[in-house]
Amino acid sequence: MSQDFADLSLGRRPEGRTLITASWVVGHTDGGHTLLRNGEVVFENGAILFVGHRFPGEVARRIDFGNALISPGLIDLDALSDLDTTILGIDNHPGWAKGRVWPRSYVEAGPYEMYGEEELAFQKRFAFGQLLLNGITTAAPIASLFYREWGETVAEFDAAADAAGELGLRVYLSPAYRSGGMVLEAPGKMVPVFDEERGFQGLNDAVAYIKRQNGRHGDLVRGMLAPDRVETSTLALLQRTDAAARDLDCKFRLHMAQGTMEVDTVRMLHGSTAPAWLARNKLLSERLIAPHATNATADDLGLYAEHGVSIVHCPLVSGRSGSTLNSFSKCRERGINIAMGTDTTPPDMLMNLLVGLITCRINDHAPDRVRCADLFDAATLGGARALGRPDLGHLSPGARADIAVFGLDDAIMAPSVDPITTLVIGGSGKATRAVFVDGRLSMLDRRLASFDMEKARQRAQAQYDGLIAKYPERSWNHPPVSEIFPPSYPIEADNG
């Protein structure tokens, strides 16, 4: 690989035209991706000028990535922005006994923030760095509210906006809010409790945040409203959210049709599934982005298709808990726009594409109804469509220069005649060599702008250890950590 990075600095947009080339380039023609062998991409001032062969103009620098794929940056619309607690539940069941839901005793003692402001700000930066390392250029952050006092804070999202600007990541964000939460009244008995005024205040804070932050850092930061989950939102809160999204001309994301607890709770509260409840109240529209749809009925999916709702498919985190979207191909055939999300550690979009391919073929009982390219489209074009951004998700003149470069000669790669199949079947985020966001070099050879991920991992582990130590306070009957999260095998102490 020949490089001309001498005048490029991580996190800064270079002056003049940059030409990059590789053995493969994902181009774009007539609304769809195309493949160019030994193609070139030229960009300047954050925009793509040329995609093709033998650019005729002058350039300030040329970079040849060799045996690699120059791709549109990946779009993650359910991107982890904290330290992942879902992994604690992979082998530890049932969830109600493992601190996943507040017991009544914890509520009565007064829920509190389990991380400080500096810790929360650090976690956003750490999570954003991980996204860039995996070829993700646009993200809509998501975090768990289980360990929060109530919702997310404006202060941590001010820090998140600055982290995105400094690292060079395109983000859609605002603090998550809710009007209720689930409380564990007895073993296995979870009930919703509501404080609607607190939800309204969270929405007001989010609206003010978007008005203040939208367009900052060279338009890397834009707003998206984020009511937390459908079962913890009242009708009035969702109606006000929808109205605010119209006024702000932004999207709003709402997790629904994603689990048994939610389905049972919404049916108890509203007498139907969540999509049917929202449809009755005219709250389904193209403004709505809805992870995960793994528990959506055929009628629910029909409502999504009718009203232009985008699904965010997160096959890895769903599959680890035993659920799948049924199915990717069926949703696509209905005309539902499908975007992709990671929603867990690792935020490896390529791994999610493979899991998505496998689970779809298992659900379809057929190998020919979905292709690797369909999943790749969802992680690029589908995400851009969900956001209403025709200038993202593809490489063509006029699009923003959001680019990921994946090495095809990585040791984990198998020989292949097609780079997309190679990436989806044999790739992982570790194949990401470089990332440009709005023309800025945001990641190169696992290095980020002004952020040492190796040192950050040590800090993240210390914070995570501190959180786990608090789990007995918020678990039923307060067992010790060793009982809540027992090791996979007995641990022998080092007595030497």
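Visitor: Which hand does the crossing of H2 and H3 have?

Guide: The crossing of H2 and H3 is right-handed. This comes from a predicted model. H2 covers residues 117-133 and H3 covers residues 154-167. Their axes lie 9 Å apart, at an angle of about 35 degrees.

Visitor: What makes the contact between H2 and H3?

Guide: On H2, the residues include Leu 120, Ala 121, Phe 128 and Leu 132. On H3, they include Phe 157, Ala 160, Ala 163 and Leu 167. The contact divides into 11 nonpolar residues, five charged and one polar.

Visitor: What makes up the largest nonpolar core?

Guide: This core has 102 residues. Those with the most contacts inside it include Phe 128, Leu 225 and Tyr 304. H2 gives the largest share, seven residues. Tyr 304 touches Met 256, Pro 275 and Ile 336, among others. Another core, of 21 residues, lies apart and includes Val 25 and Phe 436.

Visitor: Why are E9 and E13 called edge strands?

Guide: The open sheet has the order E9-E12-E13. E9 and E13 each pair on one side only.

Visitor: How do you know that E9 pairs with E12?

Guide: Pairing needs at least two bridges. Two bridges join E9 to E12, so the strands pair. They run parallel. In E12, Leu 184 is the bridge partner of Pro 103.

How values were computed
Residues are numbered from 1 along each chain as its sequence is written. This is a predicted model: local features need pLDDT of at least 70, side-chain atom pairs count only at pLDDT 80 or more; totals for chains, interfaces and linings use all residues. Side-chain values use heavy atoms; hydrogens and water are left out. Axes are lines fitted to C-alpha atoms, for helices over the stretch in contact, and angles run from 0 to 180 degrees between N-to-C directions. Helices (H or I, at least four residues) and strands (E, at least two) are DSSP runs, numbered from the N terminus. A crossing is left-handed if the near helix is turned anticlockwise from the far one by less than a right angle, and right-handed if clockwise. Contact means heavy atoms within 4.5 Å. Ala, Val, Leu, Ile, Met, Phe, Trp, Tyr, Cys and Pro count as nonpolar, Asp, Glu, Lys and Arg as charged, and the others, Gly among them, as polar. A nonpolar core is a set of buried Ala, Val, Leu, Ile, Met, Phe, Trp, Tyr and Cys residues joined through side-chain atoms within 4.5 Å. Buried means under 20% relative accessible area, exposed over 50%, partly exposed in between (1.4 Å probe, protein chains only). Lists of a residue's contacts leave out its neighbours within four places in sequence.
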